[in-house]
There are 2 protein chains.
Amino acid sequence: MSVIIGVDVGGSHVTSALFHGEAIVRRAGTSFSHGSHGASIVQVILDAVQAVSATEARMAARVPVGVGMPGIVTGDGTVLLAPNLGIRNLALNDALLREGLRAHVVNDANAAALAEWYSGAGRGRGSLICVTVGTGIGGGVIIDDRLVSGSAGRGGEIGHLTVAPGGPLCSCGSRGCLEAVSSGSAIARQGQEAAHAGDPCLNDVCAERPGMIDAQMVFEAARRGSARARQIVERAGRYLGQALAGVVCTVDPEVIIIGGGVAMAGDDFIEPVRHALEQSSLYRLRRTPVVRAYHATDAGVIGAAVHAAIAERVLREVR
Amino acid sequence: MSVIIGVDVGGSHVTSALFHGEAIVRRAGTSFSHGSHGASIVQVILDAVQAVSATEARMAARVPVGVGMPGIVTGDGTVLLAPNLGIRNLALNDALLREGLRAHVVNDANAAALAEWYSGAGRGRGSLICVTVGTGIGGGVIIDDRLVSGSAGRGGEIGHLTVAPGGPLCSCGSRGCLEAVSSGSAIARQGQEAAHAGDPCLNDVCAERPGMIDAQMVFEAARRGSARARQIVERAGRYLGQALAGVVCTVDPEVIIIGGGVAMAGDDFIEPVRHALEQSSLYRLRRTPVVRAYHATDAGVIGAAVHAAIAERVLREVR
């Protein structure tokens, strides 16, 4: 990568970074209102680009920009669906191009996978799955050194694999998705139910940290001996392991990378994942390494920049 | 493909075909004893090659040979596991090379996927999943016009996706695999249980066709109005649809191809597959076409030949 800009758009926060080679030489972050939907997401991205390129006039027009978006993004940069931003069917590459940006849009968890492949836990690997466990669950699949975005941008959407048929309702509208049982919000929801039912450890943790129960509080209660909290965490990890065993039987990557705020919490989560993988005979045939992500909060901007670099190289070759 | 030989090794039968371009100009098939395990599978393959190349002296040594094997086959042609043949860890490419064959070994269901991609229901598609429902369930994934064999040959092994956690024991040793609930042998097993429990339709079908109940008999009983048989067939299709919805959320292929003796039986099986896919919100976002395989019994030899042709081209490019 020479000079490139990476933008990571979240549900209410956008981060941008200016790269010279692999080094971030300038970065910016800003919150935006949830009202900034649809077309105005273009302005949010333009501002984020401007924030890291302001001192170099007209730079934004010359530098390739990678944009990670929380939603289903097709190979040509159309956002088919981004529920948290209220976006449907927005040709974002084209919209940004009209504003003078050499933009290349990619799903945010796909971007995180590219970051791990390029300079993280998947460096030197030709194929990998990288799963990001945060409020939701995203993922990215790389095969033969190429991101699998899929025919409609659904590559790596392992948060929506059915792991508990007929189980809890997912934000996508289906039942029993991995995201509905193993994501940070699913762990928090189950923790709230346990606290409501009078789990003493969870209530102790709650007393110390006022506010809604989140996934970290459930992890903390599990460490303090709450059998109920441990059960919630272990089950979340087990379902993730079951989903990953399915990925092994579908594309059989060289390495499984687990990242995101929830999964980075500790071994509480990774151990049940490994244990569930061990239940699969085909997994045991040759154990695929399960490793923690290398990149943390920068995964999004790094991966978006890597995506732009690859897209520009491909464009150069085509022209 | 110019002149090439395809060999399709089953559990007790081997088929071979000599191709001139896309046309089969000679074919042979023979049964072999289940005792012919391990090293002697090499002799079975040599004989099958000889059977279609006998009139052209030393031809076998010059012509590339593709070999489809019922088992887990790594990218370098090592059979890690072929339970029905009692094979473990056999470097079959190398063993056949030592016998003078330019052999390229591939998993049989992966071969079927290549056949569909090359000249079947996936012609012109860059990515697909092809699932073969017979006695067992195999599959093959193609992405960016390349077969995904995976880091240990497990690419496309969707018969071993967990669809019914804690469910019936699979031949692989795990529980609740797709193969354990939706394969021909799983449908037959459930039919036998229903007949044992006194299902009248199934017992009528049994009376007409003596012998063990097979999947076709369960389909027939379902058509004649057996609620129990229809339930078995619909559940088998539903689980397959659930597994395929997972594939859509992992690699999102352009087309889903369903083949194999059981699935080709009729719409009894395909309709519940489509219905289960419709339960997935991400599937509904853009419906991936679900089509029947084009090739029937020749899929194995055609796909093995395609695999050899691709491997030879790659070798030429490398040299």
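Start with strand β9 (residues 128-133) of chain B, which runs antiparallel to strand β10 (residues 137-143) of chain B, with 6 bridges joining them. Strands here are DSSP runs of E, at least two residues, helices are runs of H or I, at least four, and both are numbered from the N terminus; two strands pair if DSSP finds at least two bridges between them. Across that pair, B:Val141 in β10(B) sits opposite B:Ile129.

Quick housekeeping: this is a predicted model, local features need pLDDT of at least 70, side-chain atom pairs count only at pLDDT 80 or more, and totals for chains, interfaces and linings use all residues. Residues are numbered from 1 along each chain as its sequence is written, with chains lettered from A and ligands numbered from 1 in the order in which they are written.

Now the whole sheet: it's open, 5 strands, mixed pairing, in the order β11-β10-β9-β12-β13 of chain B. β11 (146-147) and β13 (290-292) of chain B are at the edges with a single partner strand each, so one side of each has no neighbour in the sheet.

On to the helices. α6 (residues 184-196) and α8 (residues 215-223), both of chain B, pack with axes 8 Å apart, at about 60 degrees (axes are lines fitted to C-alpha atoms, for helices over the stretch in contact; angles run from 0 to 180 degrees between N-to-C directions). That makes α6(B) oblique to α8(B), oblique being whatever is left after under 35 degrees (roughly parallel), over 145 (roughly antiparallel) and 65 to 115 (roughly perpendicular).
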